[in-house]
Amino acid sequence: MKTYAMALDLIDDENIIFEYEKYHQNVWPEVLESIKELGINRMRIFRISNRMFMLIEADDSYDPNNLMEYSNTNEKADEWNNIMMKFQQKVPGALPDEWWASMKQVFDSEISSN
């Protein structure tokens, strides 16, 4: 299993942030199904202010470059993605082809530094 960390910003507006979180209280089943089809076992999103951090646990076959491909698997997932993108914006430092920007791991308490 592999783990990936990614960052994305929400538009810095309390109403937009509230609506985004409201959507995520009841994610559409088609979206969850599409995420699983990519090889993602578990996805968690955390937020502070308008900055989001996503933690993905995935099969070894999962390709993080295909994250946004979940919306190509069915119409409802595509509709969800289009709605979510209205709330979001790239983080500073994101590569031109990244929406969710990959984060570099800088510490792991399970790995000895000796």
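**View A. N81 in helix 3.** N81 is found in helix 3. The model shown here and in the other views is predicted. N81 is buried, with a relative accessible area of 7%. Leaving out residues up to four places away in sequence, N81 touches M68, Y70 and S71.

**View B. Helix 1 against helix 3.** Helix 1 and helix 3 pack with their axes 11 Å apart, at an angle of about 155°. Helix 1 is therefore roughly antiparallel to helix 3, as angles over 145 degrees count as such. The crossing of these two helices is left-handed. Helix 1 contributes Y20, Y23 and H24 to the contact, and helix 3 contributes W80, I83 and M84. By class, the residues of this contact are five nonpolar, one polar and no charged.

**View C. Helix 2 across helix 3.** The axes of helix 2 and helix 3 cross at roughly 100° and come within 8 Å. The two helices are therefore roughly perpendicular to each other, the range for this being 65 to 115 degrees. On the helix 2 side, the contact involves E30, V31 and S34. On the helix 3 side, these meet K76, A77 and W80. The contact of helix 2 with helix 3 divides into three nonpolar, one polar and two charged residues.

**View D. The largest nonpolar core.** This core holds 24 residues. Among them, I56, Y62, L67 and W100 touch the most other members. At least two core residues come from each of strand 1 (2-10), helix 1 (14-24), helix 2 (29-37), strand 3 (51-58) and helix 3 (75-85). In soluble globular proteins, nonpolar side chains tend to be buried together.

**View E. The surroundings of Y62.** Y62 is one of the core residues that touch the most other members. Not counting residues up to four places away in sequence, Y62 touches K2, Y4, L38, G39, I40, I56 and L67. Two of these partners, I56 and L67, are also named with Y62 among the core members with the most such contacts.

**View F. R47 in strand 2.** R47 is found in strand 2, residues 40-48. R47 is partly exposed, with a relative accessible area of 39%. Setting aside neighbours within four places in sequence, R47 is in contact with L10, I17, E21 and M52. R47 and A77 are 30 residues apart in sequence. Their C-alpha atoms are 22 Å apart in space. A77 itself belongs to the helix 3 side of the contact with helix 2.

Conventions
Residues are numbered from 1 along each chain as its sequence is written. This is a predicted model: local features need pLDDT of at least 70, side-chain atom pairs count only at pLDDT 80 or more; totals for chains, interfaces and linings use all residues. Side-chain values use heavy atoms; hydrogens and water are left out. A nonpolar core is a set of buried Ala, Val, Leu, Ile, Met, Phe, Trp, Tyr and Cys residues joined through side-chain atoms within 4.5 Å. Buried means under 20% relative accessible area, exposed over 50%, partly exposed in between (1.4 Å probe, protein chains only). Helices (H or I, at least four residues) and strands (E, at least two) are DSSP runs, numbered from the N terminus. Contact means heavy atoms within 4.5 Å. Axes are lines fitted to C-alpha atoms, for helices over the stretch in contact, and angles run from 0 to 180 degrees between N-to-C directions. Angles under 35 degrees count as roughly parallel, over 145 as roughly antiparallel, 65 to 115 as roughly perpendicular and the rest as oblique. A crossing is left-handed if the near helix is turned anticlockwise from the far one by less than a right angle, and right-handed if clockwise. Ala, Val, Leu, Ile, Met, Phe, Trp, Tyr, Cys and Pro count as nonpolar, Asp, Glu, Lys and Arg as charged, and the others, Gly among them, as polar.
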